[in-house]
Amino acid sequence: MKSTFKIFIIAFFVSIGFNSFNVNAQRPMHEIHTMLIFNFIKYIEWPAETKSGDFVIAVYGDDDVYNQLSKLYGQREIKGQNTNIINISDVSEMGAAHVLYVASNKSRDFDAILEKYDTKPTLIITDKSGLGKKGSSINFREAGGKLKFEINQATFDNSNLKVSSQLVNMGIAI
């Protein structure tokens, strides 16, 4: 049953072009980011010490992504843990999180974010050109009118997160 579900998920993403969404599509970008964030989580393994308490997803700088995540996934379990989705308005409010989404309008704070989460098991997802190479785990970027994502394997290794080779193959390795 589990392998059938995995095959279905993989086939679904391959059929819709998981790594390249048309930027000019009718679906708002915050909905696409929300869907991708939730699906990225399925391909990541966190260390054992993070598997108790709530699964925390923090959103910094994008109320639309926060609202969409809360609406669609706020009452679900993720990886066997209750979900806690929090909206952050300042770097000083950031605490432990399994996932941190940093909107492009907050990219100026990226160095402070990296300092705070260096070597912590946090999946940092960004939406600004250059942040993938700078240390984000996954970075959205536009290429040829399509939304794609970059994967920084060194950041995953540094954060003690294991990323599925399937996700790596769908993204742009940097």
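Tutor: The model is a predicted one. Its largest nonpolar core has 32 residues, and the members that touch the most others are Val 99, Leu 123, Ile 125 and Leu 167. Two or more residues each come from the helices H2 (29-42), H3 (63-73) and H7 (165-170), and from the strands E3, E6 (99-102), E7 (123-126), E8 (138-143) and E9 (146-151). H2 supplies the largest share, six residues.

Beyond its neighbours within four places in sequence, Leu 123 is in contact with Ile 44, Trp 46, His 98, Val 99, Leu 100, Ser 137, Ile 138, Phe 156 and Leu 161. Another core, of 14 residues, lies apart from the largest one and includes Val 56, Ala 58, Met 94 and Ala 97.

Helix H4 spans residues 110-117, and Phe 110, Ile 113 and Tyr 117 are buried in it. Viewed down the axis of H4, the buried residues fall within an arc of 60 degrees, so they line one face of the helix. Among the elements that cover these buried residues are E3, E6, E7 and helix H5 (131-134). After H4 comes Thr 119, which has a positive phi, near 65 degrees.

Thr 50 is located in the loop between strands E2 (44-45) and E3 (55-60). Thr 50 has a relative accessible area of 12% and is buried. Not counting residues up to four places away in sequence, Thr 50 touches Gln 81, His 98 and Pro 121.

Key
Residues are numbered from 1 along each chain as its sequence is written. This is a predicted model: local features need pLDDT of at least 70, side-chain atom pairs count only at pLDDT 80 or more; totals for chains, interfaces and linings use all residues. Side-chain values use heavy atoms; hydrogens and water are left out. Helices (H or I, at least four residues) and strands (E, at least two) are DSSP runs, numbered from the N terminus. Buried means under 20% relative accessible area, exposed over 50%, partly exposed in between (1.4 Å probe, protein chains only). Contact means heavy atoms within 4.5 Å. A nonpolar core is a set of buried Ala, Val, Leu, Ile, Met, Phe, Trp, Tyr and Cys residues joined through side-chain atoms within 4.5 Å. The arc is that of the directions from the helix axis to the C-beta atoms.
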